[in-house]
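Open your viewer and follow along from one selection to the next. Each stop says what to pick and what you will find there.

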Amino acid sequence: MARIIRWLGRINDGVALLAGFGLLACVVLILAEIVARRFGAPLGGTDEISGYVMAGVTSWGISYALTERAHVRIDLLRVQGGPRWRAGMDCLAMLSMAGVALITAWHGWGVLDKTLGTGARANTALETPLWIPQAIWWAGWSWFALSAVVLSIGAVALMLKGRFEGVEDIVGTEAAT
C-alpha cells in the first residue's frame with residue numbers, strides 16, 4: 001500500500017505542474033489581451049477561457065493538496081486525544097472527503113452526460129462545446145475521488161494494524177508533524 005501511495009503522490013506532483021502551466025498560459029493569454037486592447041484589437045474570450053482553466057485547475061489541484069496534506073481541517077477535537085484518537089479522526093476526515101468526492105464525481109458525470117447528449121455550447125462569442133471544459137472538470141473530480149479512496153483505504157488499513165503514526169504520515173494534518 002505504501003508503494004501505491006507514493007505512486008499517487010508522484011502523479012499528483014505531475015498534475016500540480018500541469019495545473020501550474022495551465023495557469024501560466026492563462027496569464028500569458030490575459031497579458032496578450034491587455035496588449036491587444038491597447039492597440040484597439042482585443043482578442044476576446046479570455047474571460048471565458050480563464051474561467052474554464054480555473055475550474056480545471058481547481059478540480060485537478062485538490063488531489064495534489066490531498067497528497068500533500070494541505071487541505072484545511074478544523075482539528076479542535078482531533079488534538080484533544082492520543083495517537084489512536086487522532087488516527088481515528090484522520091480516518092473519519094479522509095472517509096468523509098472520499099464520500100464527498102465520489103458524490104461530486106457521480107453527479108458531475110450526469111451533467112457531462114447530458115451535455116454530451118444535447119451537444120450544448122456556451123452562450124458566448126466562442127460558442128465553446130461545453131463538454132470540453134466539463135470533461136476536464138469531471139476528470140479532475142474523478143481523479144480526486146480515486147486519490148481520496150486510495151488514501152482512505154491506506155489509512156484505515158494502518159489504523160486496523162495499530163500503526164497510528166503511519167495514519168498521521170499519510171492523512172494527518174501537516175501541523176501535527
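Helices here are DSSP runs of H or I with at least four residues, numbered from the N terminus. This is a predicted model, where local features need pLDDT of at least 70, side-chain atom pairs count only at pLDDT 80 or more, and totals for chains, interfaces and linings use all residues. Residues are numbered from 1 along each chain as its sequence is written, and side-chain values use heavy atoms, leaving out hydrogens and water.

Start by selecting residues 131-160, helix α4. Just after α4, click on G162, which takes a positive phi of about 80 degrees.

Next, select residues 164-171, helix α5. Colour the buried ones: F164, G166, V167, E168, I170 and V171. Now show α1 (2-38), α3 (83-118) and α4, which are among what covers them (contact means heavy atoms within 4.5 Å).

What does the side chain of E168 join in a polar contact? Select R78, in the loop between α2 (46-67) and α3: the two side chains make a polar contact of 3.4 Å (N or O atoms within 3.5 Å, one able to donate a hydrogen and the other to accept it; residues adjacent in sequence count only if both atoms are side-chain atoms). R78 counts as buried, at 3% relative accessibility.

Finish on E165, also in α5 but exposed, at 54%. E165 and R84 are 81 residues apart in sequence and 8.9 Å apart in space, C-alpha to C-alpha.

Technical notes. Helices (H or I, at least four residues) and strands (E, at least two) are DSSP runs, numbered from the N terminus. The expected span of a helix is 1.5 Å times one less than its number of residues. Buried means under 20% relative accessible area, exposed over 50%, partly exposed in between (1.4 Å probe, protein chains only).
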